[in-house]
Amino acid sequence: MKKYFAFLGCAMLLLGLCAPLLFAQAVGTVKGLCRDPQGNPIVDGIVVWANTDNGQKYVLKTNKKGEYFSLGVVAGSYTVSLYKSADDMKANKDLFHFNKFQVAVDENTLDFDLKKQTEDTAKGQGMTPEQLKAIQEAQEKQKKEVNTVKALNEKLAAAKAATDAGDYETAIADLNQANQMDATRDLIWFKLGDAYRLSAPKQTDPAEKQTRLDDAVEAYQKAVQLKQAATNDKDPNSAANLAAYYNNLAEAYAKAGKTDDALKTYAQAAEADPTHAGQYYFNTGAVLTNAGKVDDAIAAFDKVIAADPNRADAYYWKGVNMIGKATLQGDKMVAPPGTAEAFQKYLDLQPTGTYADAAKQMLASIGATVETGFGKKKAPPKK
């Protein structure tokens with residue numbers, strides 16, 4: 001009997017050694033189809049199955065039909081999330097998710113039908129079909145806007161690179177393509193105006209040069225029209241941008257020989273952005289100087305000086321126009337009162353500036369003495 005029990009115990013020991021160390025885990029298969037709110041397959045989407053019991057995750061990718069599939073998913077409770085891309089997954093921006101989905105030991109199907117799921121969510125929130133439709137249309141509009149802005153920015157970047165390289169023809173082509181995508185963007189028209197204006201001096205044919213300037217004027221006018229419609233009185237940047245549009249339009253007019261239009265448009269720029277009116281008055285003075293209208297030019301530069309008393313070049317160009325009114329008395333040039341003071345003020349502000357030598361020559365021509373403290377040592381204070 002003892003031998004029998006000993007043998008039985010040995011047999012039991014051997015049976016124990018033959019048993020597996022772990023019980024096999026129950027697993028299942030998961031699959032599904034992912035469609036966007038319009039019913040189109042979501043291609044290259046990311047479906048994440050996250051086990052809420054043990055934290056294990058399965059990251060799956062949809063194919064061209066919007067399908068996903070995986071074997072060997074451990075049975076249990078899962079949170080299942082759909083992402084448009086891997087970047088959205090990293091940012092935790094899911095399109096939709098299911099909570100407490102139970103994976104069984106067989107085939108498990110879980111589809112993402114965003115149109116139906118959005119409708120179900122809306123019903124749960126008490127929305128009417130009309131309200132849901134409005135939300136869906138707004139979402140689609142926003143998506144379209146994001147894609148359009150991205151494409152337009154790419155065209156703007158390409159046009160800027162071409163403009164910086166002096167390749168205005170390529171810039172014009174890029175900006176015209178951008179306008180074909182969306183002709184309601186004032187910035188595109190403004191940049192197109194710049195490209196036409198800058199390309200004009202490169203034209204050897206006078207008629208083609210005039211055509212480029214006319215095209216620039218037309219593009220700037222369109223930019224102004226769109227900007228005016230969108231300008232917000234409470235946003236100072238809107239006013240500044242509108243003034244910049246007017247400024248470049250005025251320059252195109254001036255280059256095209258349309259002086260009156262240029263002067264009127266510079267005035268509009270100053271009115272639109274009073275903070276920077278001094279610059280637009282200066283440009284007005286430049287156009288009047290080139291047109292030989294010295295009295296009006298002097299008045300314009302006086303406005304610049306009133307806006308910014310330390311703007312040196314305004315004094316210089318005021319003096320230049322005043323010299324234009326000088327008369328000869330015998331062999332002596334007599335300039336109007338204030339001429340010498342204008343040149344002297346320029347030298348006080350910029351003794352070594354761009355026009356310093358010219359200002360000194362002007363002073364010498366009217367017999368005035370150059371007075372400047374530049375480089376002189378200050379006298380010691382009296383005791």
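Asp214 and Lys258 form a salt bridge in this predicted model, with 3.9 Å between the closest N and O atoms. Asp214 belongs to helix H7 and Lys258 to the loop between H8 and H9, so that the pair links parts of the chain 44 residues apart. Both partners are partly exposed: the relative accessible area is 33% for Asp214 and 34% for Lys258. The cut-off for a salt bridge is 4 Å between a side-chain nitrogen of Lys or Arg and a carboxyl oxygen of Asp or Glu, and therefore a pair at 3.9 Å is counted.

Helix H7 takes part in another such link. Lys227 and Asp186 meet through their side chains in a salt bridge of 3.5 Å, N to O. Since Lys227 lies in helix H7 and Asp186 in helix H6, this pair ties together parts 41 residues apart in sequence.

Asp295 is partly exposed at 46% relative accessible area, and Lys325 is partly exposed at 38%. A network of salt bridges links Glu145, Asp182 and Arg185. The search of the whole structure finds 14 salt bridges.

The largest nonpolar core has 33 residues, of which Leu175, Trp189, Leu192 and Tyr220 touch the most other members. Elements giving two or more residues to this core include helix H4 (129–164), helix H5 (168–181), helix H6 (186–199) and helix H7 (206–230). Helices H8 (236–255), H9 (259–272) and H10 (277–290) also give two or more residues each. Neighbours within four places in sequence aside, Tyr220 contacts Phe190, Gly193, Asp194, Arg197, Asn248, Leu249 and Ala252. Another core, of 25 residues, lies apart from the largest one, and its members include Leu263, Val320, Ala335 and Ile366.

The search of the whole structure finds 15 aromatic pairs. One of them is the edge-to-face pair of Trp49 and Tyr78, with 5.9 Å from centre to centre and 70° between the planes. Trp49 is in strand E2 (residues 46–51) and Tyr78 in strand E5 (residues 76–83), so the pair ties together parts 29 residues apart in sequence. Trp49 is buried at 0% relative accessibility, and Tyr78 is buried with a relative accessible area of 0%. Ring pairs join Trp49, Tyr58, Tyr68, Tyr78 and Phe101 into a cluster. Elsewhere, a charge meets a ring: the charged end of Arg311 sits over the ring of Phe282, 4.1 Å from its centre.

These details belong to a chain with 14 helices and 10 strands. Of its 383 residues, 35% are buried. Among contacts between residues at least 6 apart in sequence, 52% join residues at least 24 apart. The chain exposes about 23,500 Å², and carbon and sulfur atoms supply 54% of that area.

Conventions:
Residues numbered from 1 in each chain as written. Predicted model: local features only at pLDDT ≥ 70, side-chain atom pairs only at ≥ 80, totals over all residues. Heavy atoms only, no water. Phe/Tyr/Trp six-rings, centres within 6.5 Å; stacked < 30°, edge-to-face > 60°. Helix = DSSP H or I, 4+ residues; strand = E, 2+ residues; numbered from the N terminus. Buried < 20%, exposed > 50% of the residue type's maximum accessible area, 1.4 Å probe, protein only. Lys NZ or Arg CZ within 6 Å of the ring centre and 35° of its normal. Contact = heavy atoms within 4.5 Å. Areas by Shrake-Rupley, 256 points an atom, 1.4 Å probe, with all protein chains shown as cover. Core = buried A, V, L, I, M, F, W, Y, C linked by side-chain atoms within 4.5 Å.
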